[in-house]
Amino acid sequence: MTVESTAARKPRRSSGTKRAAGAASARKTAAATAQPHDAEPQLVQLLTPEGERVDVNDNPDVAEFAPYVEDITTEDLRGLYRDMVLTRRFDGEATALQRQGELGLWASLLGQEAAQIGSGRALRDDDYVFPTYREHGVAWCRGVDPTNLLGMFRGVNHGGWDPNTNNFHLYTIVIGSQTLHATGYAMGVAKDGADSAVIAYFGDGASSQGDVAEAFTFSAVYNSPVVFFCQNNQWAISEPTERQMRVPLYQRAQGFGFPGVRVDGNDVLACLAVTRWALERARRGEGPTLVEAFTYRMGAHTTSDDPTKYRRDEETAAWEAKDPILRLKAHLLASGGADEAFFEALEAESEALGKRVREVVRAMPDPDTMAIFENVYADGHALVDEERAQFAAYLASFESAEEGH
Amino acid sequence: MAAVKMSIAKALNESLRKALETDPKVLIMGEDVGKLGGVFRITDGLQKDFGEERVIDTPLAESGIVGTAIGLALRGYRPVVEIQFDGFVFPAYDQIVTQLAKMHARALGKIKLPVVVRIPYAGGIGAVEHHSESPEALFAHVPGLKVVSPSNASDAYWMLQQAILSDDPVIFFEPKRRYWDKGDVDVEAIPGELHKARVARPGTDLTLAAYGPMVKVCLEAAAAAAEEGKSVEVVDLRSMSPVDFDGLQASVERTRRLVVVHEAPVFLGVGAEIAARITERCFYHLEAPVLRVGGFHAPYPPARLEDEYLPGLDRVLDAVDRSLAY
Ligand SMILES: Cc1ncc(C[n+]2csc(CCOP(=O)(O)OP(=O)(O)O)c2C)c(N)n1
């Protein structure tokens with residue numbers, strides 16, 4: 001498959017270009033006047049906020065994606081629901097642990113469960129994930145023990161898991177960097193002739209970074225099997241998407257020569273379908289895709305952030321009505337897909353998870369001081385050896401001083 | 001005398017406010033600097049009072065922030081940009097090193113680049129990785145840049161004014177763990193020169209040289225040493241490029257011993273340059289080799305180890321003892 005053939009692909013949607021010309025002449029550097037995207041963005045949606053399945057016959061665009069979840073059974077739906085509930089519980093527990101001083105910081109995924117579980121469950125074991133610092137739900141789908149995610153937020157390590165065990169790379173804090181790593185990994189996959197795919201997660205703010213533009217360029221030029229999964233949660237700390245872009249994010253892909261899709265990020269089924277579709281394209285050798293999951297960060301950016309300084313309560317309330325978990329619950333209840341016993345059992349499981357997380361975190365030991373010098377190099381290094389020995393002798397001098405007393 | 005007690009954070013905020021009031025060409029730019037007032041609130045209230053044309057929330061792109069600041073400076077503005085944390089300056093490192101630092105020389109001195117890059121830096125706040133680094137040597141090594149770091153509220157206020165007034169690019173490192181430390185600021189004083197070292201505590205037996213967050217540790221060490229009958233002088237270097245070698249030399253000629261302290265890794269750090277120069281200048285005065293105390297040749301560790309990693313009172317006093325033992 002050549003790059004031209006993917007470039008020729010019709011963009012999923014086109015809109016929002018009408019107003020650009022006038023805005024450009026406004027001669028304002030700081031204050032953007034025009035709104036960058038549609039007031040009511042068109043989304044790929046399979047489950048409405050009320051929990052009703054969308055009639056795909058009404059909507060040819062959605063119809064293209066619906067087949068990708070045709071195999072999803074009621075049991076699968078319950079599984080997706082369970083994933084979202086447990087992920088939210090884990091996240092809530094971590095937030096509470098931060099408040100209790102057990103963690104130095106926490107980046108909550110509250111509100112983004114559907115985007116993460118839908119895309120995470122679309123992956124195959126041999127696919128490779130490059131997350132940022134908020135992908136706790138994706139980690140869950142990869143089988144990473146959630147307590148492993150807490151080490152770096154507690155301050156006992158900078159990672160906490162072996163990326164190759166679950167094909168889930170370490171969290172990346174420097175914004176956008178990992179999109180290039182994902183692209184390079186995907187280039188390697190293609191060179192190997194494997195049919196695995198790679199997925200890179202990033203935020204709407206990250207889309208402003210040069211690294212992300214370069215990842216788009218490389219992946220297009222080398223037709224790499226990578227899915228760029230942007231969770232547009234509307235905010236980059238205090239900056240709304242208007243501070244990052246003037247056209248809807250998913251449309252950017254077109255300029256690089258690959259398709260972009262905007263999906264309802266609070267609809268787990270649609271996220272699953274669209275991600276599967278994009279991964280299939282990658283596996284078939286059709287190159288990269290940009291998926292924009294249109295969602296919302298319900299909590300603070302991190303536990304250090306105070307969103308009341310920059311965002312209105314009404315906005316948050318409007319998004320509450322689109323809650324990804326309540327929507328699937330409504331569907332399961334209305335369709336008879338789950339009964340009270342299911343929800344009760346899940347509540348008990350949730351409690352148990354919360355308890356385990358609390359216990360593990362509180363028991364997490366501080367690292368040994370000499371760990372400072374561990375793994376600085378794979379081959380060893382004379383300067384590190386020298387400093388390690390000096391520091392060990394220095395620390396030992398306190399012990400002998402104490403013994404002397 | 002108009003001295004007011006304020007935190008370093010407040011002093012920086014007042015300093016920016018003064019600069020915005022004084023010169024309509026001064027602009028503040030960075031991520032979250034507007035409505036939020038910056039993640040450390042250093043720019044708190046400035047957008048409200050000076051508007052979005054003067055205090056500009058930028059896209060999340062550091063290369064973009066510094067690159068466009070260069071363009072604005074070429075157009076006659078004086079941008080003061082904020083990099084959110086030390087570890088995030090590297091996407092902008094290319095613009096700073098290959099462009100900002102060299103343009104004045106390339107243009108035969110015909111253009112000026114009055115850009116200030118403010119960077120909250122160094123450790124001690126229990127943060128996750130990339131939020132605690134001390135990259136000052138990487139900038140001090142680059143010809144064309146000036147690199148400074150205040151250690152107290154008065155310097156925070158005055159040095160930032162002076163950095164903004166400078167026609168050269170200035171990398172302004174703010175010791176983030178000291179943001180809440182309070183001190184007297186005399187907003188009507190006549191400040192000392194931006195690149196002059198300051199004797200923060202006089203002494204006769206040994207000189208401790210430091211800048212930014214380590215000045216406080218050195219003052220505490222000097223106080224502890226005094227209890228043991230040792231008279232330790234503390235020199236606050238204030239500027240890492242240029243370094244006030246004359247001022248430091250004068251101190252070392254008095255005390256005959258020098259220990260340089262910084263958080264950054266010792267290997268090829270600012271202390272290495274100081275040790276070499278002072279050895280050259282003061283060879284016949286020195287009673288001991290110049291010693292250095294600083295970070296290890298290892299990545300900044302996770303928060304639970306930073307107290308051990310960061311030079312504290314004991315490590316500084318240990319070096320003082322080693323120097324005095326010669
Ligand atoms: C290169 C870089 N600059 C700045 C930061 C500080 N920072 C951390 S998260 C963040 C906002 C990210 O927003 P977005 O990409 O939309 O992702 P979200 O956190 O909303 O999921 C910023 C500015 C950083 N981590 N890396």
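**Chatting through a predicted two-chain model**

Mentor: Let's open with a charged pair in this predicted model: B:Asp168 and B:Lys146 form a salt bridge, with their closest N and O atoms 3.2 Å apart.

Trainee: Where do B:Asp168 and B:Lys146 sit in chain B?

Mentor: The pair links distant parts of the chain, 22 residues apart. B:Asp168 is in the loop between α7 (153-165) and β7, while B:Lys146 belongs to strand β6 (residues 146-148).

Trainee: Is B:Asp168 buried or partly exposed?

Mentor: B:Asp168 counts as partly exposed because its relative accessibility is 25%. B:Lys146, at 23%, also counts as partly exposed.

Trainee: Which residues are joined into one network by salt bridges that share partners?

Mentor: One such network is made of A:Arg89, A:Glu93, A:Glu351 and A:Arg358.

Trainee: And how many salt bridges does the structure hold over all chains?

Mentor: The count over all chains is 47. One of them is between the side chains of A:Asp305 and A:Arg297, at 3.8 Å from N to O.

Trainee: Are A:Asp305 and A:Arg297 buried or exposed?

Mentor: A:Asp305 is buried, with a relative accessible area of 12%. A:Arg297 is buried too, at 1%.

Trainee: Which residues of α15(A) are buried?

Mentor: They are A:Phe342, A:Phe343, A:Leu346, A:Ser350, A:Leu353, A:Gly354, A:Val357 and A:Val361. Their cover includes α4 (74-99), α6 (136-142), α7 (151-154) and α14 (324-334) of chain A.

Trainee: What about α4 of chain B, which residues are buried there?

Mentor: In helix α4(B), residues 90-100, the buried ones are B:Ala92, B:Ile96, B:Val97 and B:Leu100. Viewed down the helix axis, these buried residues fall within an arc of 130°, so they line one face of α4(B).

Trainee: Why would residues three or four places apart point the same way?

Mentor: An α-helix has 3.6 residues a turn, so residues at that spacing point the same way. As for what covers the buried residues of α4(B), β5 (116-121) and β7 (170-175) of chain B are among the elements.

Trainee: Now B:Tyr309. Buried or exposed?

Mentor: Buried, because its relative accessibility is 2%. B:Tyr309 is found in helix α11 (residues 306-309) of chain B.

Trainee: What is B:Tyr309 in contact with, leaving aside its neighbours within four places in sequence?

Mentor: Its contacts include A:Ile372 from chain A, along with B:Glu263, B:Phe296 and B:Arg315. B:Glu263 is 46 residues away from B:Tyr309 in sequence, and their C-alpha atoms are 8.8 Å apart in space.

Trainee: Let's talk backbone. Which residues does the cis peptide bond in chain B join?

Mentor: It joins B:Ser241 and B:Pro242, with omega at about -5°. B:Pro242 lies in the loop between β12 (239-241) and α9 (245-255). In general, most peptide bonds are trans, and most residues other than glycine have a negative phi.

Trainee: What is the phi of A:Asn167, then?

Mentor: A:Asn167 has a positive phi of about 50° although it is not a glycine. It is in the loop between α8 (163-166) and α9 (177-192) of chain A, and at 15% relative accessibility A:Asn167 counts as buried.

Trainee: And B:Leu108, is that one buried or exposed?

Mentor: B:Leu108 is exposed, with a relative accessible area of 72%. Its phi is positive as well, near 55°, and B:Leu108 lies in the loop between α5 and β5 of chain B.

Conventions
Residues are numbered from 1 along each chain as its sequence is written. Chains are lettered from A and ligands numbered from 1 in the order in which they are written. This is a predicted model: local features need pLDDT of at least 70, side-chain atom pairs count only at pLDDT 80 or more; totals for chains, interfaces and linings use all residues. Side-chain values use heavy atoms; hydrogens and water are left out. Buried means under 20% relative accessible area, exposed over 50%, partly exposed in between (1.4 Å probe, protein chains only). Helices (H or I, at least four residues) and strands (E, at least two) are DSSP runs, numbered from the N terminus. Contact means heavy atoms within 4.5 Å. The arc is that of the directions from the helix axis to the C-beta atoms. A salt bridge is a side-chain nitrogen of Lys or Arg within 4 Å of a carboxyl oxygen of Asp or Glu.
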